[in-house]
Amino acid sequence: MDTKNIKLFKKLLNDQLNALLKEASQTVEGMSDEKERENFPDTTDRASAESDRNFLLRIRDRERLLILKVKSAISRIEEGTFGICESCGGKISIARLKARPVTTFCIECKTEAEQQEKSDQA
Ligand SMILES: [Zn+2]
């Protein structure tokens, strides 16, 4: 993958992570009482003030899972393994990554896995 695309995906994933964290901190906000909220007018500051683990424990499973996926995609960019299929080691197409940057499988492996799932159920 060239530098231009790496930069693009890094930005895309960081934006997605920030949006998720913001959404998640609002979820956590909703669980707190009004008085407490006044002391932390900026939800982002509040979220970063909490430990990562505690914060993640308090948000919804779906959001937590997605945050972890986005974080792991960002670390794959840093390690230089982003865009490489976990199953066959081939390159995942840019179009597929743009549609779903957190994916770890190429379309062929994903399709195969889905067909496998279907035949297991049958
Ligand atoms: Zn593959």
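What percentage of the 122 residues in the chain is buried? In this predicted model, buried residues account for 12% of the chain. The mean pLDDT of the chain is 84, and 80% of the residues reach 70 or more. Where pLDDT is low, predicted coordinates should not be read in detail.

The secondary structure consists of seven helices and zero strands. Along the sequence, the elements accordingly follow the pattern α-α-α-α-α-α-α. Of the contacts between residues at least 6 apart in sequence, 53% join residues that are at least 24 apart.

The largest nonpolar core contains 12 residues. Its members are Phe9, Leu13, Leu21, Ala24, Ile59, Ile67, Val70, Ala73, Phe82, Ile92, Leu97 and Cys106. Helices α1 (3-31) and α5 (61-79) each contribute at least two residues to this core, and the largest share, four residues, is from α1. Both domain 1 (1-82) and domain 2 (83-122) are represented, with at least three core residues drawn from each. In soluble globular proteins, nonpolar side chains tend to be buried together.

Ala24 belongs to the largest nonpolar core. When neighbours within four places in sequence are left aside, Ala24 is in contact with Ile59, Glu63 and Ile67. Gln26 is located in helix α1. Gln26 has 12 other C-beta atoms within 10 Å and is therefore exposed, the cut-off for this class being 12 or fewer. The C-alpha atoms of Gln26 and Ile59 are 9.3 Å apart, although 33 residues separate the two along the chain.

At 1.5 Å a residue, the 15 residues of α7 should span 21 Å. The C-alpha atoms at the ends of α7 are 21 Å apart, which agrees with that expectation. The expected span follows because 1.5 Å is multiplied by one less than the number of residues. Of the 15 residues of α7, the number buried is zero, so this helix lies largely in the open. A residue would need 20 or more other C-beta atoms within 10 Å of its own to be classed as buried.

Key
Residues are numbered from 1 along each chain as its sequence is written. A nonpolar core is a set of buried Ala, Val, Leu, Ile, Met, Phe, Trp, Tyr and Cys residues joined through C-beta atoms within 7 Å. Domain bounds come from an automatic or database domain assignment. Two residues are in contact if their C-beta atoms, placed from the backbone, lie within 7 Å. pLDDT is the predictor's confidence in each residue, from 0 to 100.
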